[in-house]
Amino acid sequence: MRRRSTLALAALATSAVLQTLPSLAAGPAELQPLLSQSPLAADQIISLRSERMVGITWSAGTPTVRLRWHIGTGWTAWTEAEDDSADSPEGTPGTAPQWRPAGADRVQIRTAGRVQGLGLTRVTDGTPRRTWGNAAHAATPGSSRTTASRTTAGRTTAGRTTAGRDLLGAVHSRADWGADESLRRRGPSYSGRVSAVVVHHTVNANGYQPQEVPALIRADYAYHVQSRGWADLGYNLLVDQYGGIWEGRAGGLGRATVGTHAQGFNTGTLGVAMIGDLTKTALSHNAEKAFARVFAYAARTWGFDPSGSVALTSQGSARYPSGRRVTLPRIFGHGETGITACPASVQDRLPYLRGLTKVAMGPAPKIGQPVVKGTPVHAPSPLVLDAKLSLPATWTVDVVDPQGTRVATERKTGSRPHLSWDGFVNGLPALPGAYTWAISADDGFHDVVTHKGTFEVGLPLL
């Protein structure tokens, strides 16, 4: 190994200062991806065994590469594999990772155009290795991790104040997905600031389970570094379909780390990718919120309006020659600077996501003074509770008996919480005593706000 960096866990303080803490114990054993590379004919059928994904590389030329998968008793339609060589011109030319669909036992690969040195990369799960961090916990939906790693040139460094870090919420570190830091070819590079966010998708197969996310990222990392010759994973951050946010390229949150994700516009931009194929599905609600958190974090940290625009100078891409000044949204899709369909269906959702980002950056909803009528309650005389929120949110109104059991509840999204309760529980009058009502509002980005009160339940009216 050339180097090994023991990543640290960082606790998010209320002052938004990242303070690193050393990990005290090794995490669970994980399967580290193994790569094998072999020559590839221009039209070849490959039998699949334990491959998680394949990639096609070449030494010279600009081929068109198409694939189809054999599943069950038939072949899928031909699909074109995107050539993402332009995003890292110093690496080996090749396609984006091609993820094996569930049930596929063969893949056929065709190329057209002049090409030399055609090769096939297979990525499989190898032997178990011990990693730092707890990826099994990190991949669980609803995990409340608030960790992040800060790694620079193979060493862990202390964090620094980053305005807006609290907006990013729970972040899974490189240690959480099991990054082998000895694979990185060099330390991170930095620009002075981040001026815009570039949105991508990884074109992984969809339908993965939460516990599979670390393995998917490890496979992408291995292919980018070991087969393509990239310095590190290309994206700065990744989002999964369950709403998890994952640290991608090493360099540290709150720093303008230069990624490998958008040729000509890598410097001064933050690359964030959805783990999945957005040509075949739409963003989940949880993923949309995660993207909004990432956008809000970037906008607050580097001080820009997420709904605004910025003039960037191309360093040379397939769409814009070097030196061309291009006015772009502060949050834009990969296809706006490159010849690519990426990020597919999310491109049309960007206006909505920019608006959602404003919600994330804005204040938490407030609950106006509730109006409570019908207390004390005598069944069947109803309790009626009304309130008003300063901003739309998902609200819940609960009524709890003296023993702490919920006897009535209402949950909706909007700005007018309301509940009417007739004083009955399971068809019988509620027992007399002091009951509690509570209104809570959750916009998905801020701490849940709650307003509580009490009232008396008396004997039922005859």
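Arg-110 is partly exposed, at 39% relative accessibility. Here buried means under 20% relative accessible area, exposed means over 50%, and partly exposed lies in between (1.4 Å probe, protein chains only). The model is predicted: local features need pLDDT of at least 70, side-chain atom pairs count only at pLDDT 80 or more, and totals for chains, interfaces and linings use all residues. Residues are numbered from 1 along each chain as its sequence is written, and side-chain values use heavy atoms, with hydrogens and water left out.

Arg-110 has a charged partner. Its side chain meets that of Asp-43 in a salt bridge, at 3.1 Å from N to O. A salt bridge is defined as a side-chain nitrogen of Lys or Arg within 4 Å of a carboxyl oxygen of Asp or Glu. Side chains of opposite charge can pair when their charged atoms come close. By this rule the count is twelve salt bridges.

Another salt bridge joins Asp-125 and Arg-52, with the closest N and O atoms 2.6 Å apart. Asp-125 lies in strand S13 (residues 119–132) and Arg-52 in strand S5 (residues 51–57), so this pair ties together parts 73 residues apart in sequence. Asp-125 is partly exposed, with a relative accessible area of 29%.

Asp-277 and Lys-280 form a further salt bridge, with 3.9 Å between the closest N and O atoms. Asp-277 counts as buried because its relative accessibility is 7%. Lys-280 is exposed, with a relative accessible area of 64%. Elsewhere, salt bridges that share partners join Arg-174, Glu-181, Arg-184 and Asp-232 into one network.

The protein as a whole has six helices and 31 strands. These elements are DSSP runs numbered from the N terminus: helices are H or I runs of at least four residues, and strands are E runs of at least two. Of the 462 residues, 53% count as buried. The protein exposes about 20000 Å², an accessible area from the Shrake-Rupley method with a 1.4 Å probe.
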